[in-house]
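Thanks for coming, everyone. I have just a few minutes, so let me put the structure up and then we'll walk through it.

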2 protein chains.
Amino acid sequence: MTADLIGRLRQVVGPHGVIGDRDGMAGYLTDWRNAYRGTAAAVVRPGDTDEVARVVALCHGAGVAVVPQGGNTGLCGGAVPDSSGRQVVLSLTRLRRIRDLDLANQTITVEAGTVLRTVQEAAAAAGQLFPLSLGAEGSCTIGGNLATNAGGTAVLRYGTMRDLTLGLEVVLPDGRIWHGLRGLRKDNTGYDLKQLFIGAEGTLGVITAAVLKLFPAVRSRATAWLALPSPQAAVDLIGVLRDLAGDRLTGFEVMSRQSVEFVLRHATGARDPFDERHPWYALVELCDSLPLAGLDAVLESALGEAFERDLVVDAVVAASPAQATALWALREGISEAQNHEGPSLKHDVTVPVSRIAAFVAGTDRALSEALPGIRIVTYGHVGDGNLHYNLSKPVGGDDAEFRVRAADLARVIYDSTYGFGGSISAEHGIGQSKRESLADYKDSLDLQLMRGLKQVFDPHGLMNPGKILPG
Amino acid sequence: MTADLIGRLRQVVGPHGVIGDRDGMAGYLTDWRNAYRGTAAAVVRPGDTDEVARVVALCHGAGVAVVPQGGNTGLCGGAVPDSSGRQVVLSLTRLRRIRDLDLANQTITVEAGTVLRTVQEAAAAAGQLFPLSLGAEGSCTIGGNLATNAGGTAVLRYGTMRDLTLGLEVVLPDGRIWHGLRGLRKDNTGYDLKQLFIGAEGTLGVITAAVLKLFPAVRSRATAWLALPSPQAAVDLIGVLRDLAGDRLTGFEVMSRQSVEFVLRHATGARDPFDERHPWYALVELCDSLPLAGLDAVLESALGEAFERDLVVDAVVAASPAQATALWALREGISEAQNHEGPSLKHDVTVPVSRIAAFVAGTDRALSEALPGIRIVTYGHVGDGNLHYNLSKPVGGDDAEFRVRAADLARVIYDSTYGFGGSISAEHGIGQSKRESLADYKDSLDLQLMRGLKQVFDPHGLMNPGKILPG
């Protein structure tokens, strides 16, 4: 039956649209970190929405599960098939047309396989901004950004992918096309169905295209690297910046000394902007669409107030775009630098901004009790309450011994997150990796309602099964 | 059985919490415009979420339908019970506590019955802004704002109620409490259930509280009243303002001459800012959180560009807050002024901003063909593509004859809206009034999925039945 299905799929997408050999499939069967591996009956690469619909309908008819995949840059295994060898990987990367750019409506309509950077560049070429920005932007796709409700470094000002989306086109699990590709800023005609597909990680249908919001381009920018005494100072500093810079505050990243130390040790050309060591750092960015917006003066007055209130101990303001890039490199190099220190146990949590300081204190204490000497690489988008709480083994520790502790150290972080009213997945999603944790940290009522919704869209459980919902 | 139920309800909410007499119930059984009337077995006024849950559970157990109601300011009959006399109206107006105001998290947690203006004032008292603003703000409640995903005059910059909401607490149709009252800016742990309750007009559950976003207070403002040659000039002008003022553009309202003429004729003290008549007007507002933000210079440069490109024919810039208020009164007086000209047939539609001009031309033509001499009162939030396309009878026409045409004139507008890829309800919702129209203008697949969702949350159809979903 599988052979018959594959023959029919070939008829839909052409001979080159179906990959069935081991070598050709390899890149689609594991994630980029090689943390999850699966097998598949085939990898199918349709060229447009109609082909996606026909492929999904054929799989549905044959009772074969479909695993949608974009740029395959996820961190939770959400786009990797299981090990049965019976699933079909549906790669969206051939759907990469920019269908429309409507300046008057401030929208861009793109297909799911379009790379994020391509969308940023298309917007910029039209003098506009598409603000979503994250580490994988050179290879992640819009479909994956939507499926995981991606966040990144500009959420503070522009929101997550959900906030940037006006309309969607979706192929439902039975192959029908849901036409929600509208560029309306207001539409109150019943339940907002598109919201369900955003963040559903491909478990309710395959997103094939989206209408996204554009914003005025950024024409001036001020960037500062600050030394802070504590996480509470970071929280208070956000208040000062909001008060004195308002909407101009677009970025607020915080890093522990441990995080920065790894970058200074391993990243080529990285150097500490300060002579002395400080326990915490913040990277602050103000932006404006006006070319002469006086941002330096705004930043200076905010920093003056911050120094006066002892929220900031030292500061460097970028004097050029190159200096700003160098400061951002200290932030963006953390994840890679940490890999040089042995296995990285990564966590991506949010708590209310007001609880950050107590949360960090409590979590660090609990982690150090659980594994004395553990190195805690805390950094992230504190303006959104979002911390990447990553862990490295104690100096001289054994890799394998550390890896064995992964589940119980995650539990320490998640218990603390839960206790502070937070979320165990801020922006990476659930995928396979946190699926069973969801059973521990979501109310059973939430899970029951989620299962009910899954049943409405995918009664046969054929769309990305084994992801999000606990078994 | 009803008597027994009412006795039990009295036990839950106390003797004063249940209103059963005709006079006491009267205000709850019709909307403020007196356009919809119903009857009810009782009006129940619980005092907190727990009481709401117990009331809903009792009604559920007795198979009695519940109609949630907030400030009863809706325009579509969504909060009015049917005529059976067997439904229970659940008034949320006693749930009006502000539970929390978290400055560091920039959130306010309020109960559903809190009046919108109370929330605005609480935010302002803390030096913050809660930006939702609309005509009924002195009496509408947060629960109703959420149930209809309210819009208003600041959507251009701050979004709709959906965009302003981080968390919800909801009593489900069977009386269980769904605890989603979190103040997290990022949370990707499965399907975003709260999105379903927002805009569901009480058909999936009763919203009892919400965590809402706060923004930096506005400390400077520039307001201008402009004469425009055409709707296309309005659309192009938005582009100029976005380009030269960026985020500072918070309001962009457009009014036809007919709309303004009614205000000048009927509103006390209203006067035309210009000596000559112009076919279209725009009210533009720039805002900033900085006290000395140079908004006048920004506005001046934008208007200079607009005059040069013939987008603006004449302009008045408010020289004082009082003048700004007077200009806004011209916009805000339209709805009331129109009532002096006989029955108002109101419509609330959106199209993509880029299609506004063609949409207005085509719709006006079709309306004038359908009823020669009809007076078209077009105005609204053009920055969001949202027009209130209201109609008055021809001069000297008969009220009753005009009212009879309501359905077919609505169809003219909705057909045109649909043809331009728009929505027949931008910000007022569906309620009873547009319920059957939804069957004509929504894909059957949308309706099927919506019915599936309704079934998950409310399998017995007891929560605000007869609203939104066509029969």
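Here's something to look at while you get oriented: is the crossing of H8(B) and H10(B) left-handed or right-handed? Keep in mind, before you answer, that this is a predicted model. Okay, the answer: H8(B) and H10(B) cross in a right-handed way.

Let me stay with that pair for a bit. In chain B, helix H8 covers residues 231-245 and helix H10 covers residues 295-308. Their axes come within 9 Å, and the crossing angle is roughly 140°. Oblique starts where roughly antiparallel stops, and that second class needs angles over 145 degrees, so H8(B) and H10(B) go down as oblique to each other.

Who's doing the touching? From H8(B) you have B:Leu237, B:Val240, B:Leu241, B:Leu244 and B:Ala245. Facing them from H10(B) are B:Val298, B:Ser301, B:Ala302, B:Glu305 and B:Ala306. Sort the residues of that contact by class and you get eight nonpolar, one polar and one charged.

Now hop over to chain A. Helix H8 of chain A, residues 231-245, and helix H10 of chain A, residues 295-308, have axes that come within 9 Å and cross at roughly 140°. That makes H8(A) oblique to H10(A), and the crossing is right-handed here too. On the H8(A) side the contact residues include A:Leu237 and A:Leu244, while H10(A) brings in A:Ser301 and A:Glu305, among others. The class breakdown for H8(A) with H10(A) reads eight nonpolar, one polar and one charged.

So how do the chains themselves relate? Take chain B, turn it by 180° with a shift of 0.0 Å along the axis, and it lies on chain A with an RMSD of 0.0 Å. The two copies are thus related as by a two-fold rotation axis. And the same surface serves both copies, with 100% of the contact residues of chain B recurring in chain A.

Last bit, the interface. Chain B puts 83 residues into the contact, and chain A puts in 83 residues. Between them the chains bury about 6800 Å², and 54% of that is on carbon and sulfur atoms. Which residues of chain B lose the most area to chain A? They're B:Lys186, B:Asn188 and B:Tyr191, and together they account for 16% of what that side buries.

Technical notes
Residues numbered from 1 in each chain as written. Chains lettered and ligands numbered in written order. Predicted model: local features only at pLDDT ≥ 70, side-chain atom pairs only at ≥ 80, totals over all residues. Heavy atoms only, no water. Least-squares fit on C-alpha atoms with pLDDT ≥ 70 in both. Contact = heavy atoms within 4.5 Å. Axes fitted to C-alpha atoms, helices over the stretch in contact; angles between N-to-C directions. Helix = DSSP H or I, 4+ residues; strand = E, 2+ residues; numbered from the N terminus. Parallel < 35°, antiparallel > 145°, perpendicular 65-115°, else oblique. Left-handed = near helix turned anticlockwise from the far one by under 90°. Nonpolar A, V, L, I, M, F, W, Y, C, P; charged D, E, K, R; others polar. Buried area = accessible area lost by both parts, 1.4 Å probe.
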